[in-house]
Amino acid sequence: MSAAAKDPAMKQTNTHHFDLAPPTEEEFVRLAADLDEEERRVLLEHGTESPFCGVFLTEKRPGVYTCRLCGLPLFHGGAKFESGTGWPSFTQPFADGHLKYIQDTSYGMTRTEIVCARCGAHQGHVFPDGPPPTGERYCINSVSLAFTPDGEPLPDKLDRGAPEGEVLRRGRAVGEAEPTSTIASQAAGSPQPD
Ligand SMILES: [Zn+2]
């Protein structure tokens, strides 16, 4: 169990209490019917899209990346970085428990495959050669993701209700005060370095 999972305040901030129960067989069939051929190959058959082709490669807006199949938030836009690999890359997942890690020994390599923890759809792999703060590189297929810009409602593909289908509040630790920049800068008596 990670430090975040042990701390109730941190856990609440990070997870927003998403319902992680898997879709029923009927729901899964309905969601899968909505995929095109390439999405089906990557999400359901553990395929990999061609590098430098993904629609989210140059996406830089703040927001949330969700599972293309079931709509579960998997990454924050703020965790995205330019890896140069040709696939969207992130330094950390949206929250504990939203990704499942599986040892993958295909193609003569030992890698860690990541799938959506709720529906099992293939997302990509995680490597230990990422930048700070985590040192991890989550290398993800664009077709495995959908993007919700800040201020727009999240998808709710499984009719689970809030926080899905709603605008996600920006995470703030429980009990943490709103920023008081005016007071802080007056107290300091000089302009703050930016
Ligand atoms: Zn999913």
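Where is the place of H46? H46 is located in the loop between α4 and β1, in a numbering that starts from 1 along each chain as its sequence is written. The structure is a predicted model, in which local features need pLDDT of at least 70 and side-chain atom pairs count only at pLDDT 80 or more, whereas totals for chains, interfaces and linings use all residues.

The protein chain contains five helices and nine strands. Of the 194 residues in the protein chain, 30% are buried. A residue is termed buried if 20 or more other C-beta atoms lie within 10 Å of its own, exposed if 12 or fewer do, and partly exposed in between, with C-beta atoms placed from the backbone. Contacts are defined by C-beta atoms, placed from the backbone, that lie within 7 Å. Among contacts between residues at least 6 apart in sequence, 57% join residues at least 24 apart.

The average pLDDT of the protein chain is 85, and 79% of the residues score at least 70; pLDDT is the predictor's confidence in each residue, on a scale from 0 to 100. Over residues 172–193 the pLDDT is below 50, and this stretch has seven contacts in the model beyond near neighbours in sequence. The pLDDT also stays under 50 over residues 1–13, for which the model has 15 contacts beyond four places in sequence. Where pLDDT is low, the predicted coordinates should not be read in detail.

An open sheet of three strands is arranged in the order β2-β1-β9 with antiparallel pairing. Its edge strands, β2 (73–76) and β9 (145–149), each pair on one side only. From one strand to the next, the twist averages 30 degrees; axes are lines fitted to C-alpha atoms, for helices over the stretch in contact, and angles run from 0 to 180 degrees between N-to-C directions. Two strands are taken to pair if DSSP finds at least two bridges between them. Three bridges join β1 (residues 63–67) to β2 in the antiparallel sense, and Y65 stands opposite F75 in β2.

Strand β7 (residues 122–127) is mostly covered, with five of its six residues buried. Antiparallel pairing over four bridges links β7 to β6 (residues 111–116), where G124 in β7 is the bridge partner of I114. The hairpin of β6 and β7 has five residues between the strands, and G120 in this hairpin takes a positive phi near 85 degrees. Strand β7 is also joined by four bridges to β8 (residues 137–140), and these two strands run antiparallel; V126 stands opposite Y138 in β8.

The largest nonpolar core has 32 residues, and those with the most contacts inside it are C67, L69, C70, L74, C116, A121 and Y138. Such a core is a set of buried Ala, Val, Leu, Ile, Met, Phe, Trp, Tyr and Cys residues joined through C-beta atoms within 7 Å. Two or more residues are given to this core by each of α4 (37–43), β1, β2, β6 and β8. Not counting residues up to four places away in sequence, L69 touches L31, L43, C116, C119 and A121.

Several loop residues have particular backbone or spatial features. H46 has a positive phi of about 60 degrees although it is not a glycine, and H46 is partly exposed because 16 other C-beta atoms lie within 10 Å. F52, also found in the loop between α4 and β1, has a positive phi near 65 degrees. With 10 other C-beta atoms within 10 Å, F52 is exposed.

In the loop between β2 and β3 (80–81) lies A79, which counts as partly exposed because it has 18 C-beta neighbours inside 10 Å. A79 touches F90, T91 and Q92, not counting residues up to four places away in sequence.

A cis peptide bond with omega of about 5 degrees joins P132 and P133, and P133 is placed in the loop between β7 and β8. A cis peptide bond, with omega of about 5 degrees, also joins A162 and P163. The loop between β9 and α5 (181–188) holds R169, which is exposed, with 9 other C-beta atoms within 10 Å.

Methods: Two residues are in contact if their C-beta atoms, placed from the backbone, lie within 7 Å.
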